[in-house]
Structures are given as C-alpha cells and as structure tokens.
Amino acid sequence: MAKQLHKRFTTNQVKSLLEKYEAKEIELSYILNILGIPRRRFFKVLKSYREDKNNFSIDYKRNNSNNKIGKEVEDNILTELKVEKDLIKAEDNPIRGYNYSYIKDRLEEKYKNKVSLSTIIDRAKKGGFYINKPKSKAHDREIVTNYVGELIQHDSSHHKWNPYADKKWYLITSIDDCSRYLLYYNLVEAETSWAHIMALAIQTP
C-alpha cells in the first residue's frame, strides 16, 4: 500500500476520497495533492479498492505474518469477541459493528497478549463474529463540493456513546464535505445554542 499512507489517513478517509473520484466529483490532481502520493501509487491503491471494496484497508500488513497462536490466546480472543457481540445486540447502544482494534488493545492491556489485527479478524470471521457492511443507499439529493471549505456539515446526535456509561450525551461535530475531515467534535450533557456557537467560533480563523 502507499508509503506512510496509513500513518496520515484512516481507511475511511481514503475510501471516501476514492468514492468521490470514481463518481467524478473530484479531479485526479486534487486527490493526489491531498494524499501526497504519485500517480502510480495512487492507481495501485485504487485497484486494491476496486477489487474488494468491503474489506479494503490501508493498514500495514506483514507479508510474513504468522497466525499460529496458543490456545489460551485463542480463548481470550473469543472471550473479547463475545463481549463485543453482546454490546452490539444491546438496544440502547449505538454500536453496529465489531471494533477489532479495540479488542487488540484489550488483549494487550488485560491479558498481556500481543496479537496482530489480521489474526483477530481472521478468528472473528471463522467464529461468526463478523458483520458485512451494508451497501450505502443513494441519496435523493446530493450536494457535490469541489474544494475544501466549500461546505461544512455541522450536526449533533444524542446517544449513549460509551456502552458502560449511565446516561446519554450529545455529540456535536463539524465535517468538511469535500475531504471528509473531522474539523470539530465535542461531547456535552445538554445541547444549547451556545454550544453550537462556540463550536463554530473555534473553527473560524
């Protein structure tokens, strides 16, 4: 995958840019400038994305990875996957998919087990702890932006963001429509006009 790309962008950010490129919403020169990679490397990334859009990732993968682990580690992985599954099933939680990176951190912190992300995903698929992402529905009305800063999406949502929290919080966010960069986020107990004014004030130079 592109050199150092995984250190500067998340997989979702790159996928969003590739989707816009395929939909002819942004030009090649623009996306090359954003990603900071040459044309040849970009088209390698694009080819990988087209081959398997659902499982596309820019995360670094070792070519000589070894998925052989001990039974104790196997059991710990399954234990944490079951915990995650229960959280997904809970109706009052906004969790809709498995967070394998979090499970990786939990294994290291709780059990002192260092396991690669690819190994965890492999065990999850084999054990039925995997949810395919649903196909995105086409919007009836879509606003096409041509450059960064042209349109900022500002909104809030009310959820129990932490599955172990005892109450719901409001999450206020601002996202650049073109690049999909998260410009602002904040959790507040009560949604007020002042909270939104302060959010916009922080973003204004």
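Helices (H or I, at least four residues) and strands (E, at least two) are DSSP runs, numbered from the N terminus. The model is predicted: local features need pLDDT of at least 70, side-chain atom pairs count only at pLDDT 80 or more, and totals for chains, interfaces and linings use all residues. Residue numbers start from 1 along each chain as its sequence is written, and side-chain values use heavy atoms, without hydrogens and water.

View 1. Eight helices and three strands make up the secondary structure.

**View 2. Helix α8, residues 193–203.** A195, H196 and A199 are the buried residues of α8 (buried: under 20% relative accessible area; exposed: over 50%; partly exposed: in between; 1.4 Å probe, protein chains only). Seen down the axis of α8, these residues fall within an arc of 100°, so they line one face of the helix; the arc is that of the directions from the helix axis to the C-beta atoms. The face turned away from the buried side carries the exposed residues S193 and W194.

**View 3. Packing of α8 against the strands.** The buried residues of α8 pack against β1 (152–159), β2 (169–176) and β3 (182–188), where contact means heavy atoms within 4.5 Å.

**View 4. Y164 in the loop between β1 and β2.** Y164 has a relative accessible area of 60% and is exposed. Together with V83 and Y102, Y164 makes a nonpolar surface patch of about 320 Å². Accessible areas come from the Shrake-Rupley method with a 1.4 Å probe; for residues, only the protein chains shown count as cover.

How values were computed:
Patches are made of residues with over 30% relative accessible area and no salt bridge: like charges are joined within 9 Å, nonpolar side chains (Val, Leu, Ile, Met, Phe, Trp, Tyr) within 5 Å. A salt bridge is a side-chain nitrogen of Lys or Arg within 4 Å of a carboxyl oxygen of Asp or Glu.
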